[in-house]
Structure formats: structure tokens, C-alpha cells
Amino acid sequence: MAHASVNDVVDKPAAQTQILTTPSIPVSNQASAQALKLSWPEIESRGANQDVYFHAWGGDPQINRYIQWAAKQVKQQYQINLHHVKLTDTSEAVSRVLAEKSASNDHQGQVDLVWINGENFAAMAKHQLLAPNWVTQLPNFGLTDPDNNPAMTRDFGVPTQGMEAPWGKAALTFYYDSILTTSPPQTLQQLSLWAKQHPGRFTYPKPPDFLATSFLKYALIVLNNSQPEAIKNLLYQPATAQNQALLLPVLWQYLDELHPHLWRKGQHFMSSGMELRRLIGDGELALAFTFSAAEIPAAVARFELPDSSRSYRMQDGSLSNIHFIAIPYNAAHLDSAKLVVNFLLSPQAQAHKQQANIWGDTSVLALSKLTAEQQTWFEPPAQSHPSATIANQAISPALSEPDPSWSKVITKLWLQRYGVMQ
């Protein structure tokens with residue numbers, strides 16, 4: 001997902017980001033307060049026969065087709081016209097909401113739904129750009145079992161406070177061409193050695209691309225794993241100057257050693273994970289990574305990757321997160337947006353999305369909350385390209401996302417150090 005940080009739109013000193021850990025969003029007007037008192041049948045009645053403008057990244061054909069499928073479903077159920085506003089960068093939607101707030105447009109916003117990540121959520125919450133307390137109104141939200149699954153109510157460690165609904169789960173996954181390399185690296189340290197032995201066969205995108213910052217955060221966590229717990233835990237606090245001095249030097253040292261052995265000797269970086277996949281398909285790279293494990297067998301089936309492609313997760317850990325959907329505070333079609341999100345959380349929609357040939361995005365629903373029949377919908381079908389499906393998931397520990405402020409800091413300092421000849 002190519003989600004850039006809202007901090008690119010609203011620039012703030014890192015020291016000020018501590019308040020993001022406890023965003024406080026008051027109900028901004030009487031209409032919002034009244035909306036929280038509505039029963040679900042009333043929301044269904046008010047939300048039918050409306051348009052909903054869903055601002056979401058449009059860079060993956062599989063995801064785009066899934067949203068088109070969902071649009072057909074909500075059209076049949078509620079006569080809702082779901083419009084996918086395809087974004088290159090999530091900050092485009094955030095900029096629009098900010099502009100509307102500056103113009104005192106508090107009721108007729110053009111963004112009804114937005115697909116955001118933890119950085120965007122934390123900053124939007126701080127600036128009171130999100131509708132509050134609506135998620136618990138959704139009947140299907142209970143299927144995520146939030147009381148026993150706190151990840152459903154925390155985004156990059158920040159409490160969501162009912163301002164966004166979980167949509168799917170993902171983890172950093174590596175893949176390689178088994179003809180070009182038979183022994184891919186299994187840890188970050190092995191990756192450095194492998195790159196020296198296979199010059200030009202690996203690279204990563206340029207920040208602030210979401211996949212790029214994900215790789216850098218994975219490296220930051222792993223490289224500091226031998227630090228005392230008190231220092232490691234600073235990754236889950238705001239990135240102050242003192243915290244940066246303790247945690248970042250080892251990252252820059254690692255990258256300084258790695259870059260000369262990257263594709264084009266680290267003097268040029270691609271802009272997205274899709275471009276990495278194209279370089280694998282063209283045989284220029286032998287190793288790459290993604291945040292969607294099902295992307296690999298699906299790309300093989302579409303002949304975008306060779307049959308010799310294999311995927312796996314690093315033994316020293318996989319950066320993992322849940323992605324969410326939010327409703328801006330001034331959405332023009334608030335009730336209709338809730339109906340759409342409730343459908344996206346339905347067993348039908350979540351099971352369809354999890355299929356590798358559809359999207360392959362892991363469901364956020366707790367199987368224990370589903371009927372026996374619904375649980376069968378999530379059983380994996382026989383794969384047409386089983387050799388390309390994810391391996392060794394069990395031995396790869398899940399690494400939690402650091403505090404959102406680290407993404408902005410890493411991006412800014414990376415561009416200062418390495419942003420040349422782009």
C-alpha cells in the first residue's frame with residue numbers, strides 16, 4: 001500500500017507528536033452527536049440510495065477489482081453508489097479534508113471513506129479530522145472480537161477510540177527467483193552478505209513509499225534487538241532527538257554498507273513495490289519483498305512473475321500491521337459510509353478478499369465468532385501455484401509497528417543521506 005504520511009501535509013516537530021498517543025476527538029456538532037444515537041435500522045434507512053466516495057490507493061489492479069466487486073454488492077443491498085477515488089498517495093485525501101476544515105466545511109466533505117495507515121491516523125486524529133465513536137455501531141465489528149483482540153482497536157500502537165475500523169492484516173514478505181538464487185537470506189544480517197555475493201540483485205523502494213518505510217522499520221527493529229529493553233522500547237515512543245541518537249546510528253551504518261551492492265549501486269531507487277515486482281519479472285532482481293503474501297502466486301498466475309518465484313518470511317521477524325478505514329469528520333454521507341464499512345467487515349466480503357486470486361488480504365474476523373458454515377469460507381483452496389505461496393510463517397515472529405513518528409523521521413533523514421540521482 002502506497003500510503004504516505006499526513007505529516008507531509010501537516011508538518012510538526014517530532015517532539016510534539018507525543019499527544020498522538022492519546023488523541024481526543026470531541027463530537028464537533030449536534031449532527032454528529034445525533035448520529036451516535038441512531039439504531040442500526042435507522043442508519044440503514046438513512047444511508048440507502050446515496051453515493052459514497054471511497055478515497056483509497058489505486059495502484060494495485062487486484063485491489064481495484066475487489067473494490068469494484070464490493071461496489072456491486074452494496075449497490076444490490078442498499079442502492080449505494082460506491083465510487084473508488086483512486087489515490088497515488090493517501091496525503092491527497094488528507095489535504096482535501098484539511099482544506100475543507102480550513103474553509104469551515106464541516107458537513108459536506110467530499111471524502112466519505114479513506115483507507116489510511118497508522119501515520120495518517122495518528123495525525124488526522126490529532127487535528128480532529130475523523131468522525132468519532134462510530135465503529136461500535138457496526139454489527140459486524142463485533143466479529144473481530146475486539147474485547148479479546150486489542151489489535152483491532154490500536155493502529156501503530158495508537159488507540160483508535162472508535163474512529164476507524166480494521167479492514168485487513170498484512171506482514172512483510174520476501175520473495176525470490178529460485179533460478180537466480182537457491183539460498184535466499186533468512187535474516188537481515190544474511191541479507192547484507194547475500195547482497196555482496198549477488199551485486200545488483202536486490203533493492204528497496206525510495207521513501208516515503210509505504211513499502212520502503214516498512215523495510216527500514218523492520219531493519220531498525222532487528223538491528224536494535226540486542227539493545228537493553230529500556231532502549232528497544234523507545235521505538236514505541238515518539239522519536240525525540242535523544243531517542244534517535246540511541247537507535248538510528250546502527251541503521252545508517254547498515255545501509256551505508258548495503259547500498260553499494262544494491263541495484264544500480266544504490267544510486268537510484270524505484271518508487272514502489274510494483275516496480276520491484278516488475279524488476280523481478282524482467283530478471284534484473286533476484287530478491288524483493290511485499291506486504292501482501294498472496295500477491296506472489298497471483299502474479300505468477302498472471303505471468304507477471306516467473307514460475308520459479310518463491311516467497312517466505314525472515315526468521316528474525318516480519319513487520320506486521322492491521323490496516324484500517326476511517327470516516328472524515330465532515331463526510332457528506334456518514335450513514336451510507338457506515339453501511340459500506342459494515343459490509344466490508346462481513347464474513348462474505350472478508351472471505352472473498354482473502355482469496356489469493358482476488359486480493360489475498362488476511363481477514364480481521366475472529367473465526368470463533370462465525371458460524372460453522374462461515375468458517376468454511378476461509379479455508380484455503382487448492383493453489384494453482386503452490387510453490388509460490390508463503391513458507392515458514394510459523395518461525396517468523398511478528399514485529400509490531402513502531403510509534404508513527406518514526407516513519408517521518410526515517411524518511412526525512414534517509415532523503416538527506418541517500419536521496420541523490422533519483
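A polar contact is a pair of N or O atoms within 3.5 Å; within protein, one must be able to donate a hydrogen and the other to accept it, and residues adjacent in sequence count only if both atoms are side-chain atoms. Keep that in mind for the first stop.

This is a predicted model, in which local features need pLDDT of at least 70, side-chain atom pairs count only at pLDDT 80 or more, and totals for chains, interfaces and linings use all residues. Residues are numbered from 1 along each chain as its sequence is written, and side-chain values use heavy atoms, with hydrogens and water left out.

**Stop 1: Ser 405**

Select Ser 405 and Ala 239. The side chain of Ser 405 reaches the backbone nitrogen of Ala 239 at 2.9 Å. Ser 405 sits in helix H16, residues 405-418. Helices (H or I, at least four residues) and strands (E, at least two) are DSSP runs, numbered from the N terminus. Is Ser 405 buried or exposed? Ser 405 counts as buried, because its relative accessibility is 4%. Buried means under 20% relative accessible area, exposed over 50%, and partly exposed in between, with a 1.4 Å probe and protein chains only.

**Stop 2: the whole fold**

Zoom out. The protein has 16 helices and 12 strands. Of its 422 residues, 57% count as buried. Its accessible surface is about 17100 Å², and 51% of that belongs to carbon and sulfur atoms. These areas come from the Shrake-Rupley method with a 1.4 Å probe; for residues, only the protein chains shown count as cover. Now turn to contacts, meaning heavy atoms within 4.5 Å. Among contacts between residues at least 6 apart in sequence, 84% join residues at least 24 apart.

**Stop 3: salt bridges**

How many salt bridges does a search of the whole structure find? It finds 9. A salt bridge here is a side-chain nitrogen of Lys or Arg within 4 Å of a carboxyl oxygen of Asp or Glu.

Select Arg 46 and Asp 335. They form a salt bridge, with the closest N and O atoms 2.9 Å apart. The pair links distant parts of the chain: Arg 46 is in helix H2 (residues 40-47), Asp 335 is in helix H13 (residues 334-344), and 289 residues separate them. Arg 46 is partly exposed, at 48% relative accessible area. Asp 335 counts as buried, at 8% relative accessibility.

Next, select Lys 217 and Glu 401. In this salt bridge the closest N and O atoms are 2.8 Å apart. Lys 217 lies in helix H7 (residues 210-223) and Glu 401 in the loop between strand S12 (398-400) and H16, so the pair ties together parts that are 184 residues apart in sequence. Both Lys 217 and Glu 401 are buried.

Move to Asp 282 and Arg 278. Their salt bridge has its closest N and O atoms 3.4 Å apart. Arg 278 is partly exposed, with a relative accessible area of 42%.

Then select Arg 277, Arg 302 and Glu 304. A network of salt bridges links them.

**Stop 4**

Two packed helices are described by the angle between their axes and the distance between the axes. Axes are lines fitted to C-alpha atoms, for helices over the stretch in contact, and angles run from 0 to 180 degrees between N-to-C directions.

Show helix H3 (residues 61-78) with H13. Their axes come within 10 Å and cross at roughly 115 degrees. The crossing is right-handed. A crossing is left-handed if the near helix is turned anticlockwise from the far one by less than a right angle, and right-handed if clockwise. On H3, the contact is made by Tyr 66, Trp 69, Ala 70, Gln 73, Val 74, Gln 77 and Tyr 78; on H13, by Leu 339, Val 340, Phe 343 and Leu 344.

Switch to H7 and helix H10 (residues 249-258). Here the axes come within 9 Å and cross at roughly 115 degrees. H7 passes H10 in a right-handed crossing. Leu 216, Ala 219, Leu 220 and Leu 223 of H7 meet Val 250, Leu 251, Tyr 254 and Leu 255 of H10.

**Stop 5: backbone details in loops**

Select Pro 207 and Pro 208. The peptide bond between them is cis, with omega near 15 degrees. Pro 208 is in the loop between helix H6 (188-197) and H7.

Go to Asp 145, in the loop between helix H5 (118-126) and strand S4 (154-155). Its phi is near 55 degrees, a positive value in a residue other than glycine. Asp 145 counts as buried, at 13% relative accessibility.

Finish at Gln 161, in the loop between strand S5 (158-159) and strand S6 (164-171). Gln 161 has a positive phi of about 50 degrees, although it is not a glycine. At 38% relative accessibility, Gln 161 counts as partly exposed.
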